[in-house]
Number of protein chains: 2
Amino acid sequence: MTDIKACNLWHLASARHFAELSESEKEMMASFMTHINVKKSGYIYNAGDRDETLYIVMEGRIKTTRLSEDGKEITLEILEPGDIFGELTLAGEEERETSAVALEDSLICAVKRSDFEDFLHQSPLFAFSVTKLIGLRLRKIENRYENIIFKDVRSRLVSLFYDLADKYGEECPEGRKIKIRLSHQELSNLIGSTRETVTLELSKLKKSGEIITDGRAFILPQKKTA
Amino acid sequence: MTDIKACNLWHLASARHFAELSESEKEMMASFMTHINVKKSGYIYNAGDRDETLYIVMEGRIKTTRLSEDGKEITLEILEPGDIFGELTLAGEEERETSAVALEDSLICAVKRSDFEDFLHQSPLFAFSVTKLIGLRLRKIENRYENIIFKDVRSRLVSLFYDLADKYGEECPEGRKIKIRLSHQELSNLIGSTRETVTLELSKLKKSGEIITDGRAFILPQKKTA
DNA sequence: CCTGAATTGTAAGCTCCCTTACAGCCGTAA
DNA sequence: TTACGGCTGTAAGGGAGCTTACAATTCAGG
């Protein structure tokens, strides 16, 4: 076994979605993978690219985004080690409709669509896990779509913080602290608003005590259920 | 073979996603299904329901929607015979987040989630076809999410008409005619706007010739590429 | 420690489109 | 035929949040 293959294997072992695979399946998957280092702010693919590849995050963080003609940005997902992205090539996406950018120096693995498909056909369990993954993303974006139509910026911001707390939260005396740092710009990209409006609403939320800041970390205070 | 089973089989034969199945697989699937008649405006499930079932449209048309507290509605999909819905129970949706309503008297088939999952595990080809289905829905809603953030009502309405023409279009002398009738209310539910605004923008589009009406059908005129 | 870049804070003005309010119209059921 | 419910047309008014503009602050790198 080559060093690279061993390295892929090692990374796979820790990746979500691959946990259920047998050793031989993992070896097979590892042999399909090539790995790629991406520098902070480097793109993996851009909207319009013809790129029939799926990726797995090994180290670092990646975001998937959409850009408007006049340079505005929407963030669709923030991806952590173990997450799969580029999966829509499976659904017949010929040109990428989304871009993927590294938020920090990252290591990712690439698998050709055809290899990935072969693998899906051979491992029903793995196939089902991928179906669930895409289904979860569908649920999430449907909820965001609903929010942007029915809710104002303030309440979208609050629900974003609850989502972030579920993903990055850590109990602390005051409540749940969100461990990652996000600029107002990034927050606004996540809720479909603007940087200025987020700054404004955020300061109102601080005043009303719905959000506490500790340095530059956000804390969701525990609801008093007395 | 019972009459019901024979009937299910007959319906399955014509359903998208099931075309690739072998006869024995189709028989097995048919044996899992129960069928249900729904009257126009009857609901199949509502947001909040605990309902671990997948459905296949056999006859009629179904829409999936989301409702706000104050009664506003978003239409997510309009489903035709052969379409599957309720699929997000596969992704761990414990309570339905969406509602499903019949747009006309319809016949649908129901399959329990556990049966459906068994089936997925046994037929990799079918599993992959379901993955593609969910992936397509994800792509579609991501595009709508982008549109609602970047585009105004006018251009959302135009792209809706292009989508509708792809799905329901029919060539005619003036261009592509959209064969189904949708009220302004329904159009606004599809683009996240209001009935009044749609009426207004639509009348502007008619004046500018971007949309033609024939009776109550909409026609997208062919672009002059001279 | 210094400097430039990135981030945050604040505010005035404006615009899109939602809300509210009616009036006319069309189709269909009685 | 009438009457009623649903659909369409139109218009005034208002408001949430986007734009634009600029200043203050923080941060990272030299």
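**View 1. A salt bridge links A:Arg66 and B:Glu142.** The side chains of these two residues meet at 3.3 Å, N to O, where a salt bridge is a side-chain nitrogen of Lys or Arg within 4 Å of a carboxyl oxygen of Asp or Glu. Across the interface of chain B and chain A, the rule finds six salt bridges. This is a predicted model in which local features need pLDDT of at least 70 and side-chain atom pairs count only at pLDDT 80 or more, whereas totals for chains, interfaces and linings use all residues. Residues are numbered from 1 along each chain as its sequence is written, chains are lettered from A and ligands numbered from 1 in the order in which they are written, and side-chain values use heavy atoms, with hydrogens and water left out.

**View 2. Chain B and chain A bury about 4,000 Å² between them.** Carbon and sulfur atoms give 70% of this buried area, which is the accessible area (1.4 Å probe) that two parts lose on being put together, summed over both. Of the area that chain B buries against chain A, B:Arg139, B:Tyr145 and B:Phe150 supply 19%, more than any other three residues. In contact (heavy atoms within 4.5 Å) are 43 residues of chain B and 43 residues of chain A.

**View 3. A nonpolar core of 62 residues is the largest in the model.** Such a core is a set of buried (under 20% relative accessible area, 1.4 Å probe, protein chains only) Ala, Val, Leu, Ile, Met, Phe, Trp, Tyr and Cys residues joined through side-chain atoms within 4.5 Å. Among the residues with the most contacts inside it are A:Ile56 and B:Phe116. Apart from it lies another core, of 22 residues, including B:Ile78 and B:Tyr168.

Notes
Buried means under 20% relative accessible area, exposed over 50%, partly exposed in between (1.4 Å probe, protein chains only).
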